[in-house]
Amino acid sequence: MQTVAKNVYVLVKGATTAACNSSFVTTSEGIVLIDTPYLPTDAIKWREEIAKRGEVRYLINTEHHNDHTTGNFFFSGPVIAHQQTRVEFASSVGTAEDVRQRFKNQLPEAIPLLQDYKPKPPSITFSERLTLHLGNHSFELIHLPGHTFGQTGVYIPQEKVVFTGDNFANGVRMSLAYAYPYEWVASLKRIMSMDVDWVVPGHGEICGKDQMGEFVTFIEKCIDRVKEAIRKGMSREEAADRVVLEEGMDKTQNRRNVLRLYEMLAK
């Protein structure tokens, strides 16, 4: 666990792990949790750590992908997210039996923790902005489409920290397979304009805003390369076979990324 600012704590997962970063903020009226640990064993340990400081009053999901949302079950408080995150939740997390089967293969020792498991989707949703006031803290939830349509950024002005979800990952290239490319660039630039000292990414180490600029350049480069393929008259499949977004990128990921960008940019 890392402490960021005075009241912000982050369970930082490595950049290459499938699990996302999970964070919590202590206020005078309780705790706000931002995303939840994917592994049940991690979720239980995180819950125990949080309990030393108070009760979870609210839980915010920055997106619907199951590495951010599967662990919701283990925590109290209603879940807040963008309305599209609620729509997509079930398709990502699945049923209780889906979750048990997933961990039966991935982490068999977690199965006893899942006997009473029930997916916990968002029960409070918003479209563009929502501000949660708790104690002396304000949590500004902002719709920032990019990695997925329902991406939510969480800005806490009192702590000068922003939680980007998977719109930004420090040290790893996030998948573009669900991307809204132009919106993603705009969302990142909006985050970079905020008055913050700390950026908590969806994956990887906590950093400052300076580290985000290179990622913006990467997405813009990907857009340009696929747009050039479209201008040359390549079909979607031809572009997926021929366009290299970045040297060293996994071929399967590169192909998925190109297919998605072509779909979005050829409209």
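The model is predicted: local features need pLDDT of at least 70, side-chain atom pairs count only at pLDDT 80 or more, and totals for chains, interfaces and linings use all residues. Residues are numbered from 1 along each chain as its sequence is written, and side-chain values use heavy atoms, with hydrogens and water left out. Helices (H or I, at least four residues) and strands (E, at least two) are DSSP runs, numbered from the N terminus.

**Sheet**

- An open sheet is formed by five strands in the order S8-S9-S10-S11-S12, with mixed pairing; two strands pair if DSSP finds at least two bridges between them.
- Strand S8 (129-134) and strand S12 (198-204) are the edge strands, each pairing on one side only.
- On average, neighbouring strands of this sheet are turned by 25° against each other, direction ignored. Axes are lines fitted to C-alpha atoms, for helices over the stretch in contact, and angles run from 0 to 180 degrees between N-to-C directions.
- Three bridges join strand S10 (residues 152-156) to strand S11 (residues 161-170) in the antiparallel sense. Val-154 has Phe-163 as its bridge partner in S11.
- Helix H5 (residues 181-192) packs on the sheet, where H5 touches S8, strand S9 (137-143) and S11. The direction of H5 makes about 145° with that of S11. Contact means heavy atoms within 4.5 Å.

**Ser-187 in helix H5**

- Ser-187 lies in helix H5 and is buried, with a relative accessible area of 4%. Buried means under 20% relative accessible area, exposed over 50%, and partly exposed in between (1.4 Å probe, protein chains only).
- The Ser-187 side chain reaches the backbone oxygen of Pro-145 at 2.8 Å. A polar contact is a pair of N or O atoms within 3.5 Å; within protein, one must be able to donate a hydrogen and the other to accept it, and residues adjacent in sequence count only if both atoms are side-chain atoms.
- Apart from neighbours within four places in sequence, Ser-187 is in contact with Leu-144, Pro-145 and Asn-167.

**Helix H8**

- Helix H8 (residues 251-265) has 15 residues and spans 21 Å from its first C-alpha to its last, close to the expected 21 Å at 1.5 Å a residue. The expected span is 1.5 Å times one less than the number of residues in the helix.
- The buried residues of H8 are Gln-253, Asn-254, Asn-257, Val-258, Leu-259, Arg-260, Leu-261, Tyr-262, Met-264 and Leu-265. Their packing partners are H5, helix H6 (213-231) and helix H7 (236-242).
- At the start of H8, a side-chain oxygen of Asp-250 comes to within 3.1 Å of the backbone nitrogen of Thr-252.

**Salt bridges**

- The structure holds 13 salt bridges, each a side-chain nitrogen of Lys or Arg within 4 Å of a carboxyl oxygen of Asp or Glu.
- Arg-236 and Glu-263 form a salt bridge, with the closest N and O atoms 3.9 Å apart. This pair links distant parts of the chain, since Arg-236 is in helix H7 and Glu-263 in helix H8, 27 residues apart. Arg-236 is partly exposed at 34% relative accessibility, and Glu-263 is partly exposed at 36%.
- Glu-263 also meets Arg-260 in a salt bridge (3.7 Å, N to O). Both residues lie in helix H8, three residues apart, about one turn of the helix. Arg-260 is buried, with a relative accessible area of 13%.
- Arg-231 forms a salt bridge with Glu-228, the closest N and O atoms being 2.7 Å apart. Both lie in helix H6, three residues apart, about one turn of the helix. Arg-231 is exposed at 58% relative accessible area, while Glu-228 is partly exposed at 32%.
- A network of salt bridges links Glu-49, Lys-52 and Arg-53.

- Ala-5 is not a glycine, yet has a positive phi of about 60°. Ala-5 sits in the loop between strand S1 (2-4) and strand S2 (8-11) and is partly exposed at 32% relative accessibility.
- Lys-160, also a residue other than glycine, has a positive phi near 55°. Lys-160 is placed in the loop between S10 and S11, and counts as partly exposed at 32% relative accessibility.
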